[in-house]
Amino acid sequence: EFAATEYAFGVPETIPAGEVTVTMKNSGDEPHMLDLVPLTDDAPPIEKLIKLPEKKVEKFFKGRPIHINPVKPGETSKPVDANLTAGRYGYVCFFAKKGEKPHAFKGMFGELTVE
């Protein structure tokens, strides 16, 4: 389970490979969402990836992102079942209020390892 607050996620640095159920609990005061993306071995660190144009970023994806729609404060997302393979994964919140930068640009991103 990912824990979301204003502008950070709480998540282990490593998780086991295989069948998992991904959820996100929003303990913050704003809506948050989640994209969990398998990365290629040569992908730059996530803090550099989020600054690249979308077309340049996609070449560093090893598969489709796991997407969780925006979750209201105090709520938990619907579960998403996934089969995670070993490797690097980036996670980001691209939720944004109208006229504001996405939360990822306020520090709401990170990387974990699936073993």
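Reply:
**The largest pocket**

Seventeen residues, written 17 in the count, line the largest pocket, and Glu54, Val57, Phe61, Val92 and Phe94 are the ones nearest its centre. The model is predicted, with local features needing pLDDT of at least 70 and side-chain atom pairs counting only at pLDDT 80 or more, while totals for chains, interfaces and linings use all residues. Residues are numbered from 1 along each chain as its sequence is written, and side-chain values use heavy atoms, with hydrogens and water left out.

A pocket here is an open set of points on a 1 Å grid over the protein atoms alone, where a 1.4 Å probe fits, with protein on both sides within 12 Å along at least five of seven lines; a lining residue has an atom within 4 Å of a point. The volume of the largest pocket is about 300 Å³, taken as the space filled by probe spheres set on the points, which are joined across faces, edges and corners.

At least two lining residues come from each of β6 (32-39), α1 (46-49), α2 (54-57) and β9 (87-92). These elements are DSSP runs numbered from the N terminus, helices being H or I with at least four residues and strands E with at least two.

Sorted by class, the lining holds 13 nonpolar residues, three charged and one polar. Nonpolar covers Ala, Val, Leu, Ile, Met, Phe, Trp, Tyr, Cys and Pro; charged covers Asp, Glu, Lys and Arg; the others, Gly among them, are polar.

Away from the lining counts, strand β1 (residues 2-5) pairs with strand β2 (residues 8-10) in the antiparallel sense over three bridges, where pairing requires at least two DSSP bridges. A hairpin of two residues links β1 to β2.
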